[in-house]
Amino acid sequence: MEQVQFLGPGMDPVSENRPHPVPSGESLHWLTLGEVSHGGQQCFLVSALWAPGMKAGPPQPAGSLPLALAPLSTFSKRPLSTAVLEALSAEESSKARNLENRLEIDGFPPSPLVVKDFIVLRGLCSPALGRPGQLLNGHTNNWAVLVCTSRFWFNYRHVANTLSVYRSVKRLGIPDSHIVLMLADDMACNPRNPKPATVFSHKNMELNVYGDDVEVDYRSYEVTVENFLRVLTGRVPPSTPRSKRLLSDDRSNILIYMTGHGGNGFLKFQDSEEITNVELADAFEQMWQKRRYHEMLFIIDTCQGASMYERFYSPNVMALASSQVGEDSLSHQPDLAIGVHLMDRYTFYVLEFLEEIHPASQANMNDLFQVCPKSLCVSTPGHRTDLFQRNPQNVLITDFFGSVRKVEITTERVALKPDPSSLGYSHLKCQKDEELTEPLNYAEQLPVAQIIHQKPKQKEWHPPGGFILGLWALILMVFFKTYGIKHMKYVF
Amino acid sequence: MAEGRMPERARLERPRGDRGDRERNQALAALTLDPGSLQPAPRLARRKTEKIRGKHAALCFATMAVMLGLPLWWKTTETYRAALPYSQIGHLDSMLLRLRVPVSVVFIQGSLPIVDQQKLPFTVVNERDVPLKCKMKLKCRFQLAYRMAGSHEEKAFKKDTIEEAEAALPLPKEDTLGSLNIFVIPEKSSLLPKDKMSYIGPKRTAFVRGTQVRQALTVMGQRILQVAQSMSLTDEVLAAALGDRLPEDKVSLDKRRPLKSSLGYEITFSLLNPDPKSHEVHWDIEGAVENYVQPFLSLLSVVGNFSMDSQILYYAMLGVTPRFDAASSSYTLAAYSLPHVINPVEARLGSRATSLYPVINFLLYVPERAHSPLYIQDKDGARVATNAFHSPRWGGIMVYNVDPSAYNTTKYPVKVDVDMVPVMEVFLSQMRLLFGIPPPQMPENFLLGDPPREGLRSWEVDRLVWARTVENVATVVTTLTSLAELLDKIGNIVIKDNVASEVYRAVDAIQEAVVELSAGNLELAFRYSREAVTSSEKAFFDPSLLHLLYFPDDQKFAIYIPLFLPMAVPIFLSMIKIIVENQKARKDIEKVD
C-alpha cells in the first residue's frame, strides 16, 4: 500500500513515517490508501484519520463502511502502509467480533476518549468493480481532450482550469497517452509569474497543478481551431506523432473539456479566431460517422456556454456548460500574490466534486449536474442529455473521468517445444556481444568547451549614424547647386 | 489636444463652405435654366435621348450584373466537389455478401453403401443466412464437392494412427486459403477412438466417420457440414467480424477482445526489473523471438505486417502493492486489483512516434526481492497457473518469479537467466487471444489434433482471414456510406480530385472483394478488401477534407453588404424607375386611345 495520496483541502504531503497526519485547522485529510478486499468485496480505503482532541467524529464519506478499528499505537513509528495492513489483518483474524456492533457498543460516533486512542479505517466497497458487470457499459478505453483556448497572463485561470481537470483525470487512471492536452499559453514560464514553473489552482498557493509529469501536447500557437478540429476528426497531417492524435475507436469514451472566452454560439481561440457551435457539432458528427467514440461527455466552462451544445445532433453525446445563453461565467479565487484569479467558479466546484471520486466510486452523472448550484456559481449551469442513450443516473462519473481497464486472466498456454541447439547458439552470441561491447560514454550534449573558448563575435559593420543624414544633405546640396533656390516652388 | 481642437475648427468652417456651395449651385441653376427657357424644343429632345440612353445604360448594368456577376460569384464561392460514385456507394449498403467455402469431400472405400457410391462424384451446395441488423445481407455458402478416394489416398489410410495417416496423405490439389479437405473413413475404422465422430487436423484436413445406413449421403452431408462450419465460418468468427451489425442477443463480450483489423502491428516485449539492486536479469529475447514468435507470426503474415522490438525497464513498478499471504509466505495480486496495475507502468513504456499501427505490449515482470514470490489470484482466490493476465486490445503481463534458492548467496545482485519457453508459451497464447484466435471449442465427439510447432493451426489462420475480410468489407461500407452521408449533411466539405480517385479505387476494390468472396478465393478477396480499407481510410481522413468554411448567416451578410449594396442600390432603383415609367407610358397611351 505504497500509493498514499492525499486528497481534498490542505494538500501538504505527509511523510510515510509520521505517526498520523495532523489535520490543519478544520480541514480533514482523506486518504486513499489503495484497495483492500473485505468480505469478498473490493474496498477502497478512504480513511478519515483524526487528531486527538477532535470533538466530533469526522464526516464520513457517503456509503463507506468501517473496516477496522486500529489503536493509535499501531501507527506510531512505522510506515503508514504497514500499519494499515497490520490493522486490517488483525481485524480479519478477529472475525468473531462484529465490528459494527463493537463500534456501537463503544458509542459511535465515538466519544472523545475513543477518538483519542483509535482510528477507524473506513472503506468504500463495491462488488461491481473488476467484474464483468462493469463491462456492460460497453467501452474498453477512455480518452480525454482538454482544451484551454485563451492566451495572456490575465487568463491564468483558464490554464489552471484545464490543468486541474488534467490532474483529476490522470489521478483517476487515464494515462497520458490517452490525453490530448491543449494549452494556449504557457503560464508556468510567463515572466509575470512570481513563482516560475508553477501553476496554482488554490488560494495561498496550496496546490501546484503544473507538476513534474504534465505532458502538454499542443502548446501556445499550436492551439488553433483548425488543429482542434483536426484532432477530433482525425484528419491530421501524416507527420503528426502518436501523442498528438486522438486514436479512439468505437469502444472509446471521450471526455472533452473546453474553457476560454466565449459568446453566443462561439468560443474564442487565441484572440484571433473562434469556433462556432455549428462547426463543433459537425465535427462531432464526423467523429460519430467514423465511429470514433462510443460515448462522449462535453464540458465547457465559458460565458454563454450552453449555446455551444445547442446545435449538437450526433447520438451518445452528453453536454454540460457553466452558464446559460445570456449569462456570464464567473471566476473564483483571486490571489493577491499572483495577482489574477486562479480558477473559474464552475470548474472549481466540479473539481471539488471530482476530488471525492475514486476509481471505485458509484457517483453518477446526476450528481455532477448538481455540483454548482446558482448560489455558488452565480451563473446557471446547464446540461443536455437528450442525445444520450442511457439514463444519466446509470452513468458513472468514472465512465468518463477514469479508466478502469478490462482485464482477463490468461488460462491457456501454447505448448512449445524448446529448441536446445538454437538456444545455446544465441546464448553464445549474447556472450560474444557482451565481450565485444566497449564501455559506453555519454555523448557530449553541449559543446561547453567550444562555447567558453570561442572568440568574441566580430561586429557587423554598420555605416556611422550621421552617414545617411550626410548623404541626404549632399544630394540636396547638389540639387540646389544645379537648380538654385528659386526652383524650389517646382519641387514642392 | 490636437484631436480635441479639430472638430471645433471643422464646425467653424463648415457653414462657410456650405454657404459657398449653395451660392455656386444657385448660380449654376440660373445658368442652365436660362437657355432652357429660351429654346425649349431642342432641349426637350436632348433630354429625351439622354433619358433613353440612361435607361439603356441601367439595363446594360443590370444584365451585366445578372449575366456575368452572378455566375462569377457563384463559381468563385462554390466549394469544389469532384464527382463521386454516389449511386454505387448507395448500393453498397444493401449489398449481398456471399461467403463461399470450397470443401472437397473424399470418400474412402467402404465408408458409404455401394448404392450411394455410384452416385459420386457430384457437388452439393448448402447456403445459410446470417441475420444482420442492417440492410446488408450475409450468406454462408458451403460448396461440398463429393468424390471417391484415389489410390494414393487409399494407401494413406492403411496406416495405424490418424496422425500418420494424415502425414501420408498426398498434398491436396487445392490447398489454398479458406479451402477444406474432408475425408470420410469407414464406420468401423480404428483410426479414430470409438467415442469420437470426427478428427480435425492441424492443417486444412478433417476426417469424419462414415455410415452405412439408408440415405447415407444426407446423413453424411449434415456431419460434414458441421465439421466444415466449425473449421471456417462459425458464429463466433462472424460475431468478431461484424461487431455492432449483429442483433443484440448475439453480441458477446469476447468481441471486444481482439484488435481491430489493421495493416500492421507493433509488438513490444518489455522486461520490467523494479529491483536491479538484487536482480540482474538476462533474457534471451532475440533467440525467443527467432524461435517461437517469428514462426508464429510468419503464419499470420497474410493478415498484416509485424514489427517487433524489446526493451528492459529498470525501477518500473506496478501500480498496486501486493498483499502478503502468511499461509504460503508469498505475495499475491488479487484479481480485482489487476485493472489498476497497468496504468502506472504504461507511462514508462513509450511508443514509437513514427508508426500509427496498434501497439501490443507484452510485459515480463520480475518482482522485487521484497515482494517475491508474487502470484496472481483469480476471482475465487485460487492461484493462477500461468501467473499472467491480459487486457483486450492492449497486451499481456506475466509475472516471473525468481527461484528462491538463488537468494542463498551474499553476492548481490543475483544473476537471473529467464527461461524463455514458459514465458513465450504464455505470450503466444495471449497473442492468439489478442488477434482473435480463441482456443477452439469443439463439440464433445470431435477429436482435435495438436497444433503444429508454430502454435497455430492452418484452419485457424483461415478463420482469422475470413473474419478480417468480412470486417474489412463492413468497415469500408460504413466508411464510404458515412462519407457520402456527411457530404450530404455538411455542405462545406471540399472534395479534391485525389480524394475522389481514392473513393473510386475503394469502391472498385470492394466490389472485386465481394466477387472474389462469392467465388471462394479467400486470399484474393482479403487482398482486395485491404486495398479498399486503405483507400477508403485515406479518403475519409484526408487533411483537405476538413471544412473550415462554415460562416453563420449574419457574418455572410456582413461580408456581402458592403460589397453589393453600393452596386445593387442604383441598379435596383433605376430598374424600378424604368418599370414605373414604362407602366406610366402604357397608361398614357391607353388614355390617348
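Q: Is Arg393(B) buried or exposed?
A: In this predicted model, Arg393(B) is buried, because its relative accessible area is 18% and the cut-off for buried is under 20%.

Q: And where does Arg393(B) sit in chain B?
A: Arg393(B) belongs to the loop between β14 and β15 (395-399) of chain B.

Q: What about the phi of Arg393(B)?
A: The phi of Arg393(B) is positive, about 60°, although the residue is not a glycine. As background, most residues other than glycine have a negative phi.

Q: Is Asp249(A) buried or exposed?
A: Asp249(A) counts as buried, at 16% relative accessibility, and Arg393(B) is buried too, at 18%.

Q: What does Glu537(B) pair with?
A: The side chain of Glu537(B) meets that of Lys290(A) in a salt bridge, at 3.0 Å from N to O. That pair also crosses between chains, with Glu537(B) in helix α14 (residues 522-540) of chain B and Lys290(A) in the loop between α7 (277-289) and β13 (295-301) of chain A.

Q: How accessible are Glu537(B) and Lys290(A)?
A: Glu537(B) is partly exposed, with a relative accessible area of 23%, whereas Lys290(A) counts as buried at 13% relative accessibility.

Q: How many salt bridges over all chains?
A: The structure holds 24 of them over all chains. Another is formed by Asp386(A) and Arg384(A), whose closest N and O atoms are 2.8 Å apart; in that pair Asp386(A) is exposed, with a relative accessible area of 56%, while Arg384(A) is buried, with 16%. Elsewhere in chain A, salt bridges that share partners join Lys170(A), Asp176(A) and Asp213(A) into one network.

Q: Where is Asp217(A), and what is it in contact with?
A: Asp217(A) is in the loop between β7 (179-183) and β8 (218-219) of chain A. Leaving aside neighbours within four places in sequence, Asp217(A) is in contact with Ile179(A), Val180(A), Leu181(A), Glu222(A), Ser243(A) and Lys244(A).

Q: Staying in chain A, why is helix α9 described as largely enclosed?
A: Helix α9 (residues 345-355) of chain A is largely enclosed by the rest of the structure because nine of its eleven residues are buried. Among those buried residues of α9(A) are Tyr346(A), Phe348(A), Tyr349(A), Phe353(A) and Glu355(A).

Q: Changing topic, which residues form the nonpolar patch on the surface of chain B?
A: The patch is formed by Phe557(B), Ile561(B), Leu565(B), Val569(B), Phe572(B), Leu573(B), Ile576(B) and Val580(B), which together have about 780 Å² of accessible area. One of these residues, Val569(B), is found in helix α15 (residues 553-592) of chain B, and Val569(B) counts as partly exposed at 38% relative accessibility.

Q: How is chain B divided into domains?
A: Chain B is divided into domain 1 (98-242) and domain 2 (264-435), and the C-alpha centres of these two domains lie 41 Å apart.

Q: And the overall numbers for chain B, such as helices and strands?
A: The secondary structure of chain B comes to 15 helices and 17 strands, and buried residues make up 47% of the 593 residues in the chain. Among contacts in chain B between residues at least 6 apart in sequence, 78% join residues at least 24 apart. The accessible surface of chain B comes to about 31,000 Å², of which 57% belongs to carbon and sulfur atoms.

Conventions:
Residues are numbered from 1 along each chain as its sequence is written. Chains are lettered from A and ligands numbered from 1 in the order in which they are written. This is a predicted model: local features need pLDDT of at least 70, side-chain atom pairs count only at pLDDT 80 or more; totals for chains, interfaces and linings use all residues. Side-chain values use heavy atoms; hydrogens and water are left out. Helices (H or I, at least four residues) and strands (E, at least two) are DSSP runs, numbered from the N terminus. Contact means heavy atoms within 4.5 Å. Domain bounds come from an automatic or database domain assignment. Buried means under 20% relative accessible area, exposed over 50%, partly exposed in between (1.4 Å probe, protein chains only). Patches are made of residues with over 30% relative accessible area and no salt bridge: like charges are joined within 9 Å, nonpolar side chains (Val, Leu, Ile, Met, Phe, Trp, Tyr) within 5 Å. Accessible areas come from the Shrake-Rupley method with a 1.4 Å probe; for residues, only the protein chains shown count as cover. A salt bridge is a side-chain nitrogen of Lys or Arg within 4 Å of a carboxyl oxygen of Asp or Glu.
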